[in-house]
Amino acid sequence: MTSRERVMQALRGEPVDRVPVAFWLHNFATENSAAGLAGETLRLHETFGWDFLKPQSRAQCFAEMWGLTYTPSRERATPYTVTHEPLVSAEDVGDLRPVDPHQGALGEQLEALRTIRARVGPDVPIIWTIFSPLMVLPFLVRGDRAQALTFLRSDAAAVERGLDAIAETLAAYARACLHAGADGLFYATNVATRTLVSADEVRRFQRPFDLTVLAAVENAPFNLLHVCGEDVWFEEFTDYPVTAFSWALAPGNPSLKEAHQRTGRAVVGGLPAKPQIASLTAPALVERAAAAIGEMAGRWLLLGADCSINPDTPEPLLHAVGKAVRGE
């Protein structure tokens, strides 16, 4: 099978010659330009031959569209440094307006995507990262997530206006991603945990804005929803219009098999993410891969980590998983 055939059949629960496998990770030193992101993605593709690509856009690129600034890192495993967060009040959030996703930081991401697609050709599926509006908002607020949630509870109407502007922008960006060569989205949220928000808050401040973005690409063949964290409100997402789910195999979260049974969709995961993966031995990681494949009987599964992995994860660990899955 080609990578595309393997991935698409796995997403539909059809028989495959082997389970697809991929990892994704930041390189904080190279992700600050279109050429750098494309080059690092292509290096990983050529090094590991993963079945699909999830290029690791810099996390702050969405917030840059509304005024966040930062100092780039020159170290592979050292994150960027924020120099300006533009929003200081709920009123500021409510004053946000949609912006053109073909310009600025998001335009740069689209340039990287076009380069990657041109270089890897049509047979490698690519999913492109978009953060949910509720995940983008804390990047913009001085005081980060805690202050953003305070605004949400003190002036809900203003926060809803701001989230609507972000969602409108990201819906247009999602359509542009497909046009530039993506097969769908890696659509992520890291706010929907029981320690951060209530179920009612998920339904009011998460769901409607997520669905605005996902509706823009609902016919794409590979849309993945990533719900990050422990004890997530997984049940609030089971009917989302996506083809696959990704989440941490952590306390309070479902197993691979349970998530598939609850959603009827493919699952992506089975392996630990940062920081745990870098401390494992190759045999331990291969054993985890085999257990995930066994749990799913080789169907409805795309093998990968719970989330992004350490930027300095030893490459022999990743080669070991790839060789084991490929039977080498």
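This is a predicted model: local features need pLDDT of at least 70, side-chain atom pairs count only at pLDDT 80 or more; totals for chains, interfaces and linings use all residues.
Visitor: Is cysteine 61 buried or exposed, then?

Guide: Cysteine 61 has a relative accessible area of 0%, so it is buried. Cysteine 177, whose relative accessibility is also given as 0%, counts as buried as well.

Visitor: How many disulfides are there by the distance rule?

Guide: In general, a disulfide is a covalent bond between the sulfur atoms of two cysteines. To count as such a pair, the two sulfur atoms must lie within 2.5 Å, and by this rule the structure has zero disulfides.

Visitor: What is the volume of the largest pocket, and which residues are closest to its centre?

Guide: The general idea is that rolling a probe the size of a water molecule over the atoms shows where empty space is left. Here the largest pocket has a volume of about 700 Å³. It is lined by 35 residues, and those closest to its centre are His226, Cys228, Lys274, Cys307 and Ser308. The elements that give two or more residues to this lining are strands S3 (127-131), S4 (184-189) and S5 (224-227), together with helix H6 (133-140). By residue class, the lining divides into 21 nonpolar, nine polar and five charged residues.

Visitor: Where is there a cis peptide bond, and which residues other than glycine have a positive phi?

Guide: Most residues other than glycine have a negative phi, and most peptide bonds are trans. In this model, a cis peptide bond joins lysine 274 and proline 275, with omega at about -5 degrees. Proline 275 belongs to the loop between strand S7 (266-271) and helix H11 (282-295).

As for positive phi, aspartate 144 has a value near 60 degrees; this residue is found in helix H7 (residues 144-154), and its relative accessible area of 43% makes it partly exposed. Tryptophan 300, which is not a glycine either, has a positive phi of about 60 degrees; tryptophan 300 lies in the loop between H11 and strand S8 (301-305), and at 25% relative accessibility it counts as partly exposed.

Notes
Residues are numbered from 1 along each chain as its sequence is written. Side-chain values use heavy atoms; hydrogens and water are left out. Buried means under 20% relative accessible area, exposed over 50%, partly exposed in between (1.4 Å probe, protein chains only). On a 1 Å grid over the protein atoms alone, a cavity is a set of points where a 1.4 Å probe fits but cannot get out, and a pocket is an open set with protein on both sides within 12 Å along at least five of seven lines; lining residues have an atom within 4 Å of a point. Grid points are joined across faces, edges and corners, and a volume is the space filled by probe spheres set on the points. Helices (H or I, at least four residues) and strands (E, at least two) are DSSP runs, numbered from the N terminus. Ala, Val, Leu, Ile, Met, Phe, Trp, Tyr, Cys and Pro count as nonpolar, Asp, Glu, Lys and Arg as charged, and the others, Gly among them, as polar.
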